[in-house]
Each structure stands twice: as C-alpha cells, then as structure tokens.
Amino acid sequence: MELAERLIRMRVTHHLMYCMGNQEYADSQRQAALALEFICRTFPIVDEHVREAVTDTFYTQFMVCPTSNALCCEVLLNCCIMELILYS
C-alpha cells in the first residue's frame, strides 16, 4: 500500500496507461493494467480521474478485465487526455 501511495505522488498513473498501450511488450501491458486496476480500486481519487479521462465503455471493460488486449488502441487514444487531466 505504501508503494502505491508513493507511485501516486510520483504521478505514474498516465505512464501506466501509456504502457498499457505499448503493443510491442505484452507482459508490460499486462503488468501496467494490473497495477492501474489496483490503484483505481484502492484510491477513489485516482479512480475518478481515470473514469473522467476515458470513455465509459473503456472504463467498464477495463475494470472487468484489465488485461484485455482489446483495450490497447483505446488506451493509446486516451493517454493524452489522461495526462491533461492529471497535470492540470
């Protein structure tokens, strides 16, 4: 839990989303998705930002099955939006 809090303070959330979209490294996609899912489920403020940054369809699909490869393209499209929300 302490590590997750430090990662949030370091603002890694959008980096995790970017990593989820990296189609060259499937294992990195999976690990980033699992980490982001944990952070979203543990910290409501992060969950709220992620929900606002992506479409409802993506968010629902992500929370049901975070490691789905079908999410990759939408992650890439929404990564810039996520960065704008978290850093504004």
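Is Arg51 buried, partly exposed or exposed? Arg51 counts as partly exposed, at 42% relative accessibility; in these terms, buried means under 20% relative accessible area, exposed over 50%, and partly exposed in between (1.4 Å probe, protein chains only). The model is a predicted one, in which local features need pLDDT of at least 70 and side-chain atom pairs count only at pLDDT 80 or more, while totals for chains, interfaces and linings use all residues. Residues are numbered from 1 along each chain as its sequence is written, and side-chain values use heavy atoms, with hydrogens and water left out.

The protein chain has 6 helices and 0 strands, and its pattern along the sequence is α-α-α-α-α-α. Helices (H or I, at least four residues) and strands (E, at least two) are DSSP runs, numbered from the N terminus. Of the 88 residues in the chain, 36% are buried. The accessible surface comes to about 5400 Å², and carbon and sulfur atoms account for 58% of that surface; such areas come from the Shrake-Rupley method with a 1.4 Å probe, and for residues only the protein chains shown count as cover. Among contacts (heavy atoms within 4.5 Å) between residues at least 6 apart in sequence, 60% join residues at least 24 apart.

The interior can be considered next. A nonpolar core is a set of buried Ala, Val, Leu, Ile, Met, Phe, Trp, Tyr and Cys residues joined through side-chain atoms within 4.5 Å. The largest such core has 19 residues, of which Met20, Leu36, Cys40, Val50, Val54 and Phe62 touch the most other members. Helix H2 (13–20), H3, H4 and helix H5 (56–64) each supply at least two residues of this core, and H3 gives the largest share, 5 residues.

H3 and H4 also pack against each other, at an angle of about 115 degrees and with their axes 5 Å apart. Here axes are lines fitted to C-alpha atoms, for helices over the stretch in contact, and angles run from 0 to 180 degrees between N-to-C directions. H3 contributes Leu36, Ile39, Cys40 and Thr42 to the contact, and H4 contributes Pro44, Val46, Asp47 and Val50. By class, this contact has 6 nonpolar, 1 polar and 1 charged residues; Ala, Val, Leu, Ile, Met, Phe, Trp, Tyr, Cys and Pro count as nonpolar, Asp, Glu, Lys and Arg as charged, and the others, Gly among them, as polar.

Side chains of opposite charge can pair when their charged atoms come close. The structure holds 2 salt bridges, a salt bridge being a side-chain nitrogen of Lys or Arg within 4 Å of a carboxyl oxygen of Asp or Glu. One joins the side chains of Asp47 and Arg51 at 3.5 Å, N to O. These two residues are 4 residues apart in helix H4 (residues 44–53), and are thus separated by about one helical turn. Asp47 counts as buried, at 13% relative accessibility, whereas Arg51 is partly exposed.

Another salt bridge joins the side chains of Arg41 and Glu37 at 3.0 Å, N to O. Both residues lie in helix H3 (residues 26–42), 4 residues apart, about one turn of the helix. Arg41 is exposed, with a relative accessible area of 53%, whereas Glu37 counts as buried at 16% relative accessibility. Leaving aside neighbours within four places in sequence, Glu37 is in contact with Phe62, Met63 and Pro66. The C-alpha atoms of Arg41 and Met63 are separated by 8.8 Å, with the two residues 22 residues apart along the chain.
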